Amino acid sequence: MTLIKLKDVCYSYPNTCGIKNLSININKGEFLCLMGANGSGKSTLLQILSGLKTTDNGQYFFKNSEITEKYLSNNKQRQKLHQQIGMVFQNTDVQLFNPSVYEEIAFGPKQLGLSQNKIIKRVNDCLKLTNCEKFRDRIPYQLSGGEKKRVALASVLALNPEILLLDEPLNGLTISAQREMLNLIRELQEAGKTIIMASHNYQQIKDFAQRFIIFKENHTVDADLTQIDIKNSPDRQKQLMNL
Ligand SMILES: Nc1ncnc2c1ncn2[C@@H]1O[C@H](COP(=O)(O)OP(=O)(O)OP(=O)(O)O)[C@@H](O)[C@H]1O
């Protein structure tokens, strides 16, 4: 089932292009990795998908709705999109603003109006899933970079989104924490979530993501390949190893 359809999408910042002429479909349950040089457009695309930015040109469809400025100006529609499509930012400092990890994770479920019992259960489940139980009473802002990433993921999971947008979620993690995070992401995919992740580390992600969208420096898409396509192409592997 196609969840996301992008048709000729362009986005420009005041002085530079973000993405150009992007057309892709993303199906339910995919584990898709966005790759490409620094500045090629990966984060811009994730921000468009999350509804934080809207396209200058082209169209973005999520399920049966076209996501436009007008669509997002409706509070209910915007909140529903944010519940269905959760994003972990590259810079988690912009995402964490509550006085404790517990409050951080409870924030979304509270906004959804869940009962107190349901909130407690969700927060505890998410703390456990992301291995954050031991810092539940800490101030998020004071955690290490890797701990912040896990708390940010927990706070997104607490909304039970269908799609997870992850912007370089492994940056700043130790090798064993990277493994743990990747295994968790794979479990989430196996549980039916759609994963869209930006990365510049092919070695790290090559056995996890099943599809790779590779951006060129000019902000267009160079290739849309499966894990197997890349494994069968030494040239492509070499290119991705050198990003
Ligand atoms: N807030 C902004 N204002 C102006 N230009 C921006 C802004 N954010 C990104 N850009 C520019 O848009 C282009 C795409 O940036 P984007 O952050 O999407 O790339 P990226 O592929 O995610 O890069 P990285 O791997 O470094 O995270 C780059 O040329 C970047 O300089």
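This is a predicted model: local features need pLDDT of at least 70, side-chain atom pairs count only at pLDDT 80 or more; totals for chains, interfaces and linings use all residues.

Modeller: The part in question is the pairing of strand 9, residues 211–215, with strand 10: the two run in the antiparallel sense and are joined over five bridges. Within this pair, Ile214 stands opposite Ala223, a residue of strand 10. The mean pLDDT of the protein chain is 95, and 100% of its residues reach 70 or more; the scores for the model are ipTM 0.98 and pTM 0.96.

In general, the strands of a sheet pair through backbone hydrogen bonds, in either a parallel or an antiparallel arrangement. The pair described above belongs to an open sheet of six strands, whose order is 6-7-8-3-9-10 and whose pairing is mixed. Strand 10, which spans 221–226, stands at one edge and strand 6, which spans 85–88, at the other; each has a single partner strand, so one side of each is left without a neighbour in the sheet. From one strand to the next, the twist averages 15 degrees.

Four strands form it in the order 2-1-4-5, and here the pairing is antiparallel. Its edges are held by strand 2 (17–27) and strand 5 (65–66), and because each of these has a single partner strand, one side of each is left without a neighbour in the sheet. Strand 4, made up of residues 57–62, runs antiparallel to strand 5 and is joined to it by two bridges.

Turning to the helices, the axes of helix 4 (residues 101–111) and helix 6 (residues 145–157) come within 7 Å and cross at roughly 30 degrees. Angles under 35 degrees count as roughly parallel, and helix 4 and helix 6 are therefore roughly parallel to each other. The crossing of helix 4 and helix 6 is right-handed.

There remains the ligand. It is surrounded by 13 residues, the closest being Tyr13, Asn38, Gly39, Ser43 and Thr44. By class, the residues of this shell comprise two nonpolar, 10 polar and one charged. Helix 1, residues 42–50, gives the most to the shell around the ligand, contributing three residues.

Note on methods: Residues are numbered from 1 along each chain as its sequence is written. A residue is near a molecule or strand if its C-beta atom, placed from the backbone, lies within 6 Å of it. Ala, Val, Leu, Ile, Met, Phe, Trp, Tyr, Cys and Pro count as nonpolar, Asp, Glu, Lys and Arg as charged, and the others, Gly among them, as polar. Two strands pair if DSSP finds at least two bridges between them. Axes are lines fitted to C-alpha atoms, for helices over the stretch in contact, and angles run from 0 to 180 degrees between N-to-C directions. pLDDT is the predictor's confidence in each residue, from 0 to 100. Angles under 35 degrees count as roughly parallel, over 145 as roughly antiparallel, 65 to 115 as roughly perpendicular and the rest as oblique. A crossing is left-handed if the near helix is turned anticlockwise from the far one by less than a right angle, and right-handed if clockwise.
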